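Below are my notes, in the order I looked things up.

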Amino acid sequence: MNEDLLVMSKITKIYPNGVMANDKVDFSVRTGEIHALMGENGAGKSTLMNILYGEHQPEEGDIFIEGQKIKINSPNDAIMHGIGMVHQHFMLVPSLSVAQNIYLGKEPRKNGLIDTKEMIKQAEEIARKYNFNILPTARVADIPVGMKQKVEILKALVGGAKILILDEPTAVLTPQETEELFHELKEFKKKGHTIIFISHKLKEIKQICDRITIMKNGRSMGTYNMEDMDEKSISRLMVGRDVIKSVEKKRAKPGETVLKVEDLSCINEDGKHAVNHINLKVRRGEILGIAGVEGNGQSEFVECISGIRKDYKGRVSICGQYVDRLSIKKIRKAGLSHISEDRMSYGVAVEASISDNLISDKLGEDMIGHGPILSHKKIASLSADLVDKFLIKCSSYKQPVSMLSGGNMQKVVVAREFAREPAIMIANQPSRGVDVGATEFIHKKLVEIRDNGAAVLLISADLNEVMELSDSLAVFYGGEVVAYFEDSKNVTEEELGYYMLGLMKQPEDIILGLG
Amino acid sequence: MQQLFGIIFTTSFAYSILRVSTPLILAGMAAVVSERAGVANIAIEGMMLISALTGVVISAATQNCFVGVLAGVAGGMVVSLILAYFILQLKANNIMCGLAVNAIAKGGTVFVLYLLTGSKGASTALNSLTVPKVDIPLLKDIPVLGEIFSGQSILTYTAILLVAVMHVFIFRTRTGIRISAVGENEKAVGSVGVSVIKTRYTALIISGFFSGLAGVFLSMSYMSGFTANMTSGRGFIALAANSMGQNTPWGTLLAALVFGAADSAANYLQVLAVPAQFIQMIPYATTILGITLYSVFKVRKEKKIKMKMLGMQQ
């Protein structure tokens with residue numbers, strides 16, 4: 001049990017842009033353990049795992065499996081050595097079925113043709129073996145996120161994985177799905193599989209991991225037994241200081257209504273009534289938090305008010321001016337800023353530079369030019385100023401956003417959205433996939449604009465986040481508001497849970513207080 | 001008007017639809033396989049042209065029709081291999097490479113034709129062969145159907161057969177599934193250890209095979225000989241047929257028949273007192289109209305369903 005199954009020794013990786021992502025990192029895992037790999041965004045965890053999976057080649061260092069030195073030049077080599085990876089962004093083909101995805105590249109054949117019946121049978125068998133609940137014939141495009149992840153895991157297992165790397169597996173899951181996943185991971189452990197678990201969430205790691213390796217700035221800060229560590233000591237090693245969990249803020253002094261939503265309904269692509277007759281208002285100087293399990297209409301609701309989605313019923317106004325179904329540009333002009341939950345699609349243009357991203361919503365404004373002519377001087381000073389103010393870690397504002405870590409990418413989005421001094425800030429999952437330090441920074445900024453008189457609408461699946469930041473709180477369930485708390489201090493986590501799971505619903509007159 | 005119907009509702013018109021559609025069907029398959037692999041192949045047009053000339057020249061030189069066809073197809077595959085090398089290995093932009101192939105093909109074929117025959121227009125000086133037409137036993141004796149379906153070129157029957165083969169290839173073989181998967185999410189394919197580049201190479205070479213066959217049909221069956229720029233945009237119509245056919249072999253076949261019908265109508269209607277230019281416009285206008293209508297109906301239908309659901313809820 002205590003034999004090292006896999007050893008990575010003195011791994012050094014320098015990216016072409018000169019960033020040293022891994023600096024002589026030692027890492028080892030034992031057979032049948034769940035090993036946590038923790039660190040802030042940009043600490044080098046993903047790089048280390050990509051090297052293990054053959055997607056990157058290290059400049060220096062060796063990898064041993066069962067004492068034998070091996071070379072991993074491609075994912076194919078990794079798979080051959082029994083290493084499987086479940087990526088954070090799923091590597092699935094949406095139009096193919098679940099079974100086709102699981103057996104992609106190794107479909108069972110009869111007479112040279114794919115034996116679909118046999119493939120579905122095998123998929124059912126392996127799902128049963130590991131107690132996975134999947135539909136082999138469903139199209140991947142149609143199944144929920146949780147099931148997609150199971151398909152990814154099964155794909156790795158079918159490939160013969162003994163060591164399974166999970167890159168932030170719970171980031172996209174509901175609390176229930178997370179519970180299910182943990183249960184399954186414990187089953188794997190019993191069956192002799194080894195799991196490397198990358199995560200930011202201290203609680204989760206504490207719950208299921210046996211050992212932990214902590215990384216910081218490309219270096220390993222050591223490997224520890226889980227029982228010897230508490231949350232405080234882990235976070236100290238990760239960020240080099242104690243994470244202050246609660247954001248300091250004064251009592252809110254709400255003023256007049258800024259954002260008003262009247263009787264909003266919409267149907268999403270799956271033909272579901274995603275949003276059902278929602279009434280809501282957000283006032284100056286308050287943060288209204290929306291709690292809820294993901295997929296209960298929050299995404300569609302935000303898409304409607306931010307102008308991404310236009311085929312809805314109901315009215316939306318900002319400072320008394322109706323903005324429903326206007327162009328995104330006009331809505332933004334009316335004073336709306338939006339931090340999207342989907343950073344890669346709506347937040348940043350990944351291939352463009354930091355400064356291009358920062359000015360992308362200010363084209364034609366005097367802030368960056370003279371009429372239609374851009375001024376490089378103004379752009380340079382604005383970019384430098386924002387990079388500075390929002391602590392974006394980069395070598396220059398001309399660097400492409402793709403070179404930044406998740407947390408720094410999000411800071412670029414935040415910097416752009418805050419620079420407008422909006423009347424209403426919509427922050428949708430602002431800390432998703434963002435490290436502790438950046439999260440804290442973003443939270444401070446949200447409180448700061450609230451104090452400066454902006455209205456803030458915060459949507460988050462992270463219960464801690466909404467409870468800590470919000471002045472008042474609403475709960476979404478099934479596309480409806482099922483609870484509203486004028487003062488978020490008057491509700492406990494437990495109580496919120498009941499509303500989030502649809503077990504309880506407040507009477508109409510209380511909810512109407514929101515609209 | 002009566003004259004019009006007299007022309008359209010004849011078996012010979014139906015027969016000609018099949019004949020005119022054949023190059024579109026074949027080129028359509030070339031579009032299906034490359035589009036599925038996620039490489040928009042606009043070089044189909046140029047590859048067809050090169051194959052058309054190669055087939056004519058080799059069949060004239062060897063006096064063997066089969067060798068001519070093979071040489072033409074091989075020509076298409078070689079060009080697509082070169083194209084694939086530039087796009088996949090050297091990471092050049094596929095549209096720019098496609099444009100280059102088309103430009104080289106357009107000028108190059110005329111250049112070679114001039115070198116060999118002294119003519120810049122047609123290969124009449126070469127004694128090239130044509131692919132034989134065959135009567136299908138039994139079928140040829142059935143009235144109407146026999147007149148339409150029997151007596152077509154061997155390549156026409158081959159084309160329809162190949163559509164069926166493509167259907168099985170794409171949906172039932174490992175390579176076929178990989179090609180589709182690469183087009184949709186190349187990382188997914190790479191992550192299970194399948195080579196993305198190899199898969200795309202395969203797709204482009206198959207695309208070259210079909211382009212070659214389409215080109216050979218034009219110069220060795222549709223017409224007997226090569227004429228300058230004889231593809232006249234069929235490679236692009238094939239791309240349109242593929243997109244209307246939603247990247248499926250049978251769907252593309254159907255769309256190719258629709259375009260073929262328009263093309264064939266244009267040929268037939270030239271006897272009417274309508275300006276020839278107007279008639280020649282019909283296939284292209286049909287293409288644009290077809291694609292527009294298809295999209296409009298699709299969007300409307302989706303919107304209608306949504307609004308209906310919202311209404312019901314009130």
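I call a residue buried if 20 or more other C-beta atoms lie within 10 Å of its own, exposed if 12 or fewer, and partly exposed in between, with C-beta atoms placed from the backbone. Helices (H or I, at least four residues) and strands (E, at least two) are DSSP runs, numbered from the N terminus.

**Ground rules.** I am working on a predicted model, where local features need pLDDT of at least 70, side-chain atom pairs count only at pLDDT 80 or more, and totals for chains, interfaces and linings use all residues. Residues are numbered from 1 along each chain as its sequence is written, and chains are lettered from A and ligands numbered from 1 in the order in which they are written.

**Helix α8 of chain B.** I started with α8(B). The buried ones are B:G176, B:I177, B:R178, B:I179, B:S180, B:A181, B:V182 and B:G183. Next I checked what they pack against. In chain A they meet α3 (98–102) and β8 (113–114). In chain B they meet α2 (11–36), α7 (154–172), α9 and α10.

**Where the chains touch.** I count two residues as in contact if their C-beta atoms, placed from the backbone, lie within 7 Å. On that count, 21 residues of chain B are in contact with 24 residues of chain A. On the chain B side, α8 (174–184), α9 (186–191) and α13 (276–313) each supply at least two residues. I sorted that side by class and got 8 nonpolar, 6 polar and 7 charged residues. For the classes, Ala, Val, Leu, Ile, Met, Phe, Trp, Tyr, Cys and Pro count as nonpolar, Asp, Glu, Lys and Arg as charged, and the others, Gly among them, as polar.

**Cores.** I take a nonpolar core as a set of buried Ala, Val, Leu, Ile, Met, Phe, Trp, Tyr and Cys residues joined through C-beta atoms within 7 Å. The largest has 143 residues. Those with the most contacts inside it are A:L52, B:L26, B:A27, B:M29 and B:A30. Helix α10 (residues 196–222) of chain B gives this core its largest share, 12 residues. I followed up B:A30. Leaving aside its neighbours within four places in sequence, B:A30 is in contact with B:N41, B:I44, B:S207, B:F210, B:S211, B:A214 and B:A238. A second, separate core has 78 residues, including A:A291 and A:Y477.

**Domains of chain A.** Bounds come from an automatic or database domain assignment. I have domain 1 (4–239), domain 2 (246–335 + 423–515) and domain 3 (345–421). The C-alpha centres of domains 2 and 3 of chain A lie 26 Å apart. Between them, 10 residues of domain 2 are in contact with 9 residues of domain 3. Helix α15 (residues 436–451) gives the most to the domain 2 side, with 5 residues. By class, that side has 6 nonpolar, 1 polar and 3 charged residues.

**Strand β10 of chain A.** All 6 of the 6 residues in β10 (194–199) are buried. A:T194, A:I196 and A:I198 point one way, and A:I195, A:F197 and A:S199 the other. Strand β3 (residues 34–39) runs parallel to β10(A), joined by 5 bridges. There A:M38 has A:S199 as its bridge partner. Strand β9 (residues 163–167) also runs parallel to β10(A), with 5 bridges. Here A:I165 stands opposite A:I196.

**An open sheet in chain A.** I count two strands as paired if DSSP finds at least two bridges between them. Six strands form an open sheet in the order β18-β21-β22-β15-β23-β24, with mixed pairing. Why does one side of β18 (336–339) and of β24 (480–485) lack a neighbour in the sheet? Both stand at the edges, and each has a single partner strand. β18(A) runs parallel to β21 (424–428), with 4 bridges, and A:H338 stands opposite A:I426.

Most residues other than glycine have a negative phi. A:R325 has a positive phi of about 65°. A:R325 sits in the loop between β17 (321–322) and α10 (328–333) of chain A. A:L391 also has a positive phi, about 50°. A:L391 lies in the loop between α13 (376–389) and α14 (406–419) of chain A. A:L391 counts as partly exposed because it has 13 C-beta neighbours inside 10 Å.
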